[in-house]
Protein chains: 2
Amino acid sequence: MRLVLAGFGVVGQSFARLLMAQEKELAATYGLVPQVVGIMDSSGWLTDEHGIDLKKALRAKAETGGVASKAGGKEVPRRPTDVIRDLEAEVLIEATPTNFKTGEPGFSHMKAAFESKKHVVTCNKGPLAIAYYALHELARHNGVQLRFSGAVGGGTPVLDFGKTCSMGDKLTGIRGILNGTCNYILTKMEGEGLPFDDALDGAKKAGYAEADPSLDIDGYDSAVKLVITANHLLLSKAGIKDVKVKGIRGMSAKEVQKAKKDGKAVRLIASASRETGLTVAPTLIERDHPLCINGANNAVEFECEYSGPKVIIGKGAGGPETASSLLRDLLEIRGRINGPAEAIASYRMSGVGGG
Amino acid sequence: MRLVLAGFGVVGQSFARLLMAQEKELAATYGLVPQVVGIMDSSGWLTDEHGIDLKKALRAKAETGGVASKAGGKEVPRRPTDVIRDLEAEVLIEATPTNFKTGEPGFSHMKAAFESKKHVVTCNKGPLAIAYYALHELARHNGVQLRFSGAVGGGTPVLDFGKTCSMGDKLTGIRGILNGTCNYILTKMEGEGLPFDDALDGAKKAGYAEADPSLDIDGYDSAVKLVITANHLLLSKAGIKDVKVKGIRGMSAKEVQKAKKDGKAVRLIASASRETGLTVAPTLIERDHPLCINGANNAVEFECEYSGPKVIIGKGAGGPETASSLLRDLLEIRGRINGPAEAIASYRMSGVGGG
């Protein structure tokens, strides 16, 4: 299976490493022999129609900060969308930096892929939140697939799980913790009695928060993920502007400690339901509620009419975690291309983690 | 889609109600128009090749305790396996009472279904724990499917979630709370300081524990579910005898209270890993660990090499819950029969819970 990899940051590199680490299992269990024919980062393109040596590409990236330079492939000065169109490949892995305002360059990359009949696997939230239905329409029109497990929950399959829950049941509401950085900060304030600013500094030192943490602590990252989740699972036809957003910036230490004394906890909860619409806000929850998790994790509760509430908990971000979602999506696409028989076979055979 | 329903107890009746309640959505969203052509319970068979009136069948069951009597269909005195073979249908829903020693009558019912080229959807743990690989071999040999989401976790898709987690990652271990009754008892002992026997009586009154609660409190129900889970997700090739089982019978109230004081909790944990093999035993866990849930719920943690640990929490039993798993399996089978294109289409379209 021939892949084009747009974006070679933390996630893109983790994906390349995962392909190498899982090489034998992918071939034996799923009959998948991936071949990366193009890698793009800010330095330009590295392409090789016979398959890029991923070890070399990773080394070049580490040594020079750019993949296009001296990695044995040939640099391509042309427009990324033209390269994506022209490369002979089945799937585009879109992992460029996300943009919540324009969705670019991810949106144009995906559009170019669809128009050249390539499936798209992405963890890029911006384009999905801004143009969720347009992207699906483009994919369907061109007879290819769009998958984006990694866009919500990192390695935790929030979207796939919600889809599973909604089969044969009625999903009536979704709420949860979609931003690990905020949860890390709130947990620190709670456990160590820190004021907000100190907890935020701790999150930066621990590598959870960006130099500019606005998107996290002002709730927009959660809002974007909520839009994608609600559109995917509740057909909400929503955009970011439809979400009532309140972040945790300047959260009072008193409030957090008071909640703790009352056997409760403050968490940044993103919620989608018919009654309340889409909201993101700091919320009091019972300490022993399954959603009340600590640290840089995500937790999502799905309210099902017949089978009751269900919660999933896991890491919400991280390179290897998100890369595993990209790979899972790739395997789903392969399963569907090869038809149900083989899908089931590989499903049954799968010795992954064989005990 | 023509269905045969073997077993018309709590789960079987809930399944019939769910089919009626979801009728419109199943047709509109999945193009599924189920037709139950046979229902079996201890009173015999009710069959109707034109489709049984489920309302009548449920009324007959409520009024007479048996479905075969005066429900407008014709009674069939013949052997269940012959009826299953001869009925013209695509799928057997096997929901008869489970038997951990012989697996009967469920095993014979499934065998008869496979030999007459019928898919099987079941929540019957016994046959799966005793003959997991034999049943899969029979299904594969006859070119039909065997699905059993409802066998572990009731309405909580433990097995499907584990399979999702293992795609593109390596599942290295599984541990969790697989018996809601025991968790209810332990929670009661913890919260109200009750001795074991009083907590058990409470569980009986609340309808969580059977008159003979041995299978629950001695850990065998957990062990059986662990075997199915480990075989399905870790290819453990295990049987019940491979599980080291210790239940919670006679659990000391002191021990439970001591754990509580130490910020921990005693829970009946079923665990499967390469190192420790398969075990079921009361275990001390941190109170703020995601697995530490209260009440009659299930919680399972999946250890993934690349994406870290993931936890799923939900109701572990109950009629409507388990029925929703049977229906989900039925939709999965339909999706695979109709091929990936339609599978994806219905997947995309699915307005279930549409917000």
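Start by selecting A:Lys125 and A:Asp221: the two form a salt bridge, with their closest N and O atoms 2.7 Å apart. A salt bridge here is a side-chain nitrogen of Lys or Arg within 4 Å of a carboxyl oxygen of Asp or Glu.

Before moving on, a word about what's on your screen. This is a predicted model, where local features need pLDDT of at least 70 and side-chain atom pairs count only at pLDDT 80 or more, while totals for chains, interfaces and linings use all residues. Residues are numbered from 1 along each chain as its sequence is written, chains are lettered from A and ligands numbered from 1 in the order in which they are written, and side-chain values use heavy atoms, with hydrogens and water left out.

**Stop 1: the two domains of chain A**

Colour residues 2-155 + 318-350 of chain A as domain 1 and 158-315 as domain 2; the bounds come from an automatic or database domain assignment. Their C-alpha centres lie 28 Å apart. The contact (heavy atoms within 4.5 Å) takes 15 residues from domain 1 of chain A and 21 residues from domain 2 of chain A.

Now show the surface. Domain 1 and domain 2 of chain A bury about 1,600 Å² between them, 66% of it on carbon and sulfur atoms. Buried area is the accessible area (1.4 Å probe) that two parts lose on being put together, summed over both. Pick out A:Phe100, A:Tyr133 and A:Val152: in domain 1 of chain A, these lose the most area to domain 2 of chain A, together 41% of what that side buries.

How many salt bridges does the rule find across the interface of domain 1 of chain A and domain 2 of chain A? It finds three. Next, highlight α6 and α13 (319-337) of chain A, which each supply at least two residues of the side of domain 1 that touches domain 2. Helices are DSSP runs (H or I, at least four residues) and strands are too (E, at least two), numbered from the N terminus. Helix α6 of chain A gives the most to that side of domain 1, with five residues.

**Stop 2: along helix α6**

Stay in chain A and select A:Arg140 and A:Glu137, whose side chains meet in a salt bridge (3.4 Å, N to O). Both lie in helix α6 (residues 125-141), three residues apart, about one turn of the helix. A:Arg140 is partly exposed at a relative accessible area of 45%, and A:Glu137 is partly exposed at 44%. Buried means under 20% relative accessible area, exposed over 50%, and partly exposed in between (1.4 Å probe, protein chains only).

**Stop 3: over to chain B**

Select B:Arg249 and B:Asp218, a salt bridge with its closest N and O atoms 2.8 Å apart. B:Arg249 lies in the loop between β9 (243-245) and α12 (253-261) of chain B and B:Asp218 in the loop between α10 (214-217) and α11 (220-234), so the pair ties together parts that are 31 residues apart in sequence. B:Asp218 counts as partly exposed, at 21% relative accessibility.

Then try B:Lys225 and B:Asp221, which meet in a salt bridge (2.7 Å, N to O). Both sit in helix α11 of chain B, four residues apart. Buried or exposed, these two, B:Lys225 and B:Asp221? Both are buried.

**Last stop: B:Pro105**

B:Pro105 is in the loop between β5 (91-94) and α5 (106-115) of chain B. Leaving aside its neighbours within four places in sequence, B:Pro105 is in contact with B:Thr96 and B:Pro97.
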